Amino acid sequence: RNKMTQKSILLTIVLLLFSVSANSAFEYLWAAEDVGFNHGHVQRISGNLVEDQNSETGYTWKNAKFTDIKETNLIPLKKGHGFDVHLLLFKLSSETEAIEVAVTHPPMELPSGKVLTTRRASILTHNRRGFPETSFTYTMDEDYELVEGEWTLTFSHQGNDLFRIAFIVMR
C-alpha cells in the first residue's frame, strides 16, 4: 500500500512537471490532455551525414549527438542548429509503437529543384515507464534548409492530434 502511494505521488509530480493544458503559458504550443513534453533549441555537435534513398533530401544523419542550448521556440538561422521535442504520451496504450509527425515550414527548394513545405514521417515510441514516449530532433545542416519563418510540428496518432508546437527560425 505504501509503495502504491509513492508511485501515485511520483506520477503526480511527473504530470505536474511535464503536462500542460490547452491554456498553456506557452502561446506557441498546444498539448492534448495527458501529454507531457519538453522542447528547445539544440545544436548538433557530431555525427555522420550519409546518403539515404528513403529520405526526401537524399541524406540522413547517423550517430548524431546534440547539445541542449535552452528551452525556447526561437531558433537561430545557423547551420547545425535546430529544435528538439520530447513527448510523454500518458493516455496512449503502452503497446503504441509509433506516432506521426508533420513538419510544416516556409518553402524550401532542394538541389533537385523540388520545393517542400511539409514533410511527414512515422517516429518510433518506446515504453520505459509504463507509457509511450518519443523524441524528434531537426537541425538545419544544408544551405537550402536555412529558411526563416515559422516551422510547425504536429504530432498525431491514428488521426488524432496530440501535440503542436511552432518554432520561429530567425536571423
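Predicted model: local features only at pLDDT ≥ 70, side-chain atom pairs only at ≥ 80, totals over all residues.
Trainee: Quick one before we start: what counts as a strand, and where does the numbering begin?

Mentor: A strand is a DSSP run of E with at least two residues, and strands are numbered from the N terminus.

Trainee: Got it. How many strands and helices are there in the protein?

Mentor: The protein has 10 strands and one helix.

Trainee: Okay, pockets. What volume does the largest pocket have?

Mentor: About 550 Å³. Its lining is made up of 21 residues, and S55, T57, Y59, T60 and W61 are the ones nearest the centre. The elements giving two or more residues to that lining are β2 (35-51), β3 (59-70) and β8 (133-140).

Trainee: Which of them gives the largest share?

Mentor: That's β3, with six residues.

Trainee: How does the lining of the largest pocket divide into nonpolar, polar and charged?

Mentor: You get eight charged residues, seven nonpolar and six polar.

Trainee: And the second largest pocket, what's its volume?

Mentor: The second largest pocket comes in at about 340 Å³. Residues lining it include V101, R119, I123, S135 and Y138. At least two lining residues come from each of β6 (98-109), β7 (115-124) and β8, with β7 supplying the largest share, five residues. By class, that lining holds six nonpolar residues, three polar and two charged.

Trainee: Switching topic. Where is H86, and is it buried or exposed?

Mentor: H86 belongs to strand β5, residues 81-89. Its relative accessible area is 17%, and the cut-off for buried is under 20%, so H86 counts as buried.

Trainee: What does the side chain of H86 make polar contacts with?

Mentor: One partner is the side chain of E133, at 3.0 Å. Another is the side chain of S135, at 2.6 Å. S135 also shows up in the lining of the second largest pocket.

Trainee: What else does H86 touch?

Mentor: Leave out residues up to four places away in sequence, and H86 touches G36, F37, N38, E133, T134 and S135.

Trainee: Now D141. Which loop is it in?

Mentor: D141 sits in the loop between β8 and β9 (149-157).

Trainee: Why does a loop residue like D141 count as buried?

Mentor: Because its relative accessibility is 11%, and anything under 20% counts as buried.

Trainee: What are its side-chain partners?

Mentor: The side chain of D141 has a polar contact with that of R44 at 2.8 Å, and one with the side chain of T139 at 2.7 Å. Setting aside neighbours within four places in sequence, D141 is in contact with R44, W61, K79 and G80.

Notes
Residues numbered from 1 in each chain as written. Heavy atoms only, no water. 1 Å grid on protein atoms, 1.4 Å probe; cavity = no way out; pocket = protein on both sides within 12 Å on 5 of 7 lines; lining within 4 Å. Points joined across faces, edges and corners; volume = space filled by probe spheres on them. Helix = DSSP H or I, 4+ residues; strand = E, 2+ residues; numbered from the N terminus. Nonpolar A, V, L, I, M, F, W, Y, C, P; charged D, E, K, R; others polar. Buried < 20%, exposed > 50% of the residue type's maximum accessible area, 1.4 Å probe, protein only. Polar contact = N/O pair within 3.5 Å; in protein donor to acceptor, adjacent residues only side chain to side chain. Contact = heavy atoms within 4.5 Å.
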